[in-house]
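Hi everyone, thanks for coming. Let me put the sequence and the model up on the screen, and then we'll walk through a few spots together.

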Amino acid sequence: MHAVRDVIIAGGGLAGLTAALHLLRAGLHVTVIEKHPYPRHKVCGEYISNEVLPYLQWLDADPAVLHPASIDRVCISAISGRTIEAVLPLGGFGISRYALDNFLMQKAIAAGCTLLQDAVSNISCSNGIFRVNTVANGPLTARFVIGAYGKRSALDLELSRDFAWQRSPWMAVKGHYEGDFPDGLVALHNFDGGYCGVSKIEKDIINICYLVNAESFKKYKNITAHQQEVLYKNRHLKQVFENSRLLFERPLSISQISFSDKKKVEEHVLMTGDTAGLIHPLCGNGMAMAIHSARIAAEHIIACNAGQISRPQLEKGYTKAWQRHFAGRMQAGRLLSAVFHQRRLATAVMNGLTLFPPLLPVIIRQTHGKPLKMQ
């Protein structure tokens with residue numbers, strides 16, 4: 001067995017790599033375990049609120065070098081096709097996970113991170129030391145462990161997480177396209193059984209990612225048939241798809257997406273990003289939340305490592321901080337999702353927003369945070 005490491009991070013996505021950069025900056029030795037090679041496409045809305053930009057710049061990971069698409073407006077449509085548009089209070093940018101994850105990985109390696117392409121099979125903790133069992137590298141040990149392995153994993157079952165035993169009806173589909181779509185806009189289009197986000201990323205590519213109830217999807221032979229029979233009923237989505245060409249061989253899809261409450265600490269592991277909780281994609285801010293949660297986890301681990309707080313205080317403090325920053329956003333996401341899945345209620349809300357346009361930026365602020373200014 002290897003010597004005890006400072007921190008092991010299970011998962012090398014946004015949250016895992018951001019936490020690694022922060023911890024490395026503080027002088028800790030960090031090992032990231034990621035089972036997939038880089039770069040890799042992921043099912044994701046690929047829009048990030050500018051709230052996390054100061055933090056990424058502080059980490060010397062400014063995504064500007066990747067030439068992301070600037071986004072400053074949002075358009076929301078009901079199933080009927082009625083729309084309302086507003087300026088995003090903070091603005092944001094579009095960047096693919098293919099580019100961003102690879103960029104953050106390279107930054108972490110340059111800062112001294114150990115990256116293992118491997119899978120974590122189980123995690124346990126005894127007397128303040130974690131044992132992380134991996135498939136290829138055997139058991140590893142560390143004083144702290146962060147869970148950043150995504151929406152759902154076999155590891156959730158191993159850790160006996162409550163939500164892992166519950167089946168979820170949601171699946172997501174994502175593709176990159178070339179075509180005609182306005183610059184600076186993120187569109188959120190509702191359809192029967194789900195909703196779809198459309199915005200540009202780097203290289204003028206259009207990212208289309210949507211969430212759909214799997215039961216409604218089963219009625220159709222394939223993704224194309226479902227799109228044409230269901231999504232096209234929203235005339236805006238029909239226009240987007242008919243004026244775009246898929247750049248992938250086929251769209252990517254994932255199933256069993258759970259929006260259930262998840263514990264933020266399991267078996268003393270600090271959960272970050274989607275591993276800690278998934279906001280409804282209608283809110284379009286999951287990537288920023290993942291990055292922010294990494295900062296919270298890293299700051300608490302640094303404080304515990306320095307002897308400023310105990311491990312129980314670390315776990316309690318992380319949970320409280322996560323709830324303070326994100327619980328309201330999660331609730332707003334559930335509420336918005338419920339509204340737009342009821343045709344009459346959605347129509348009434350759209351009518352109200354049309355009459356009082358300043359209400360939309362107020363609603364948007366409920367799912368976004370303040371800029372993460374660093375000292």
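Strand E11, residues 184-191, and helix H7, residues 235-242, each give at least two residues to the lining of the second largest pocket. Please keep in mind that this is a predicted model. The pocket's volume comes out at about 190 Å³. Around its lining you'll find Cys-75, Asp-180, Phe-181, Pro-182, Leu-185, Ala-187, His-189, His-236, Gln-239, Val-240 and Asn-243. Sorted by class, that lining has six nonpolar, four polar and one charged residues.

Now over to helix H1, residues 14-25. How do the axes of H1 and helix H3 cross? H3 covers residues 97-110, and the two axes come within 9 Å, crossing at roughly 25°. That angle makes H1 roughly parallel to H3, and the crossing is left-handed. On the H1 side, the contact includes Leu-14, Leu-17 and Leu-21, while H3 brings residues including Arg-97, Leu-100 and Asp-101. By class, this contact has eight nonpolar, one polar and three charged residues.

H1 also meets helix H8, residues 286-305, with axes that come within 8 Å and cross at roughly 35°. Is this crossing left-handed or right-handed? The crossing of H1 and H8 is right-handed. From H1, the residues involved include Ala-15, Ala-19 and His-22, and among those they meet in H8 are Met-287, Ala-290 and Ile-291. The class count for H1 with H8 is 11 nonpolar, three polar and two charged residues.

Definitions and conventions
Residues are numbered from 1 along each chain as its sequence is written. This is a predicted model: local features need pLDDT of at least 70, side-chain atom pairs count only at pLDDT 80 or more; totals for chains, interfaces and linings use all residues. Side-chain values use heavy atoms; hydrogens and water are left out. On a 1 Å grid over the protein atoms alone, a cavity is a set of points where a 1.4 Å probe fits but cannot get out, and a pocket is an open set with protein on both sides within 12 Å along at least five of seven lines; lining residues have an atom within 4 Å of a point. Grid points are joined across faces, edges and corners, and a volume is the space filled by probe spheres set on the points. Helices (H or I, at least four residues) and strands (E, at least two) are DSSP runs, numbered from the N terminus. Ala, Val, Leu, Ile, Met, Phe, Trp, Tyr, Cys and Pro count as nonpolar, Asp, Glu, Lys and Arg as charged, and the others, Gly among them, as polar. Axes are lines fitted to C-alpha atoms, for helices over the stretch in contact, and angles run from 0 to 180 degrees between N-to-C directions. Angles under 35 degrees count as roughly parallel, over 145 as roughly antiparallel, 65 to 115 as roughly perpendicular and the rest as oblique. A crossing is left-handed if the near helix is turned anticlockwise from the far one by less than a right angle, and right-handed if clockwise. Contact means heavy atoms within 4.5 Å.
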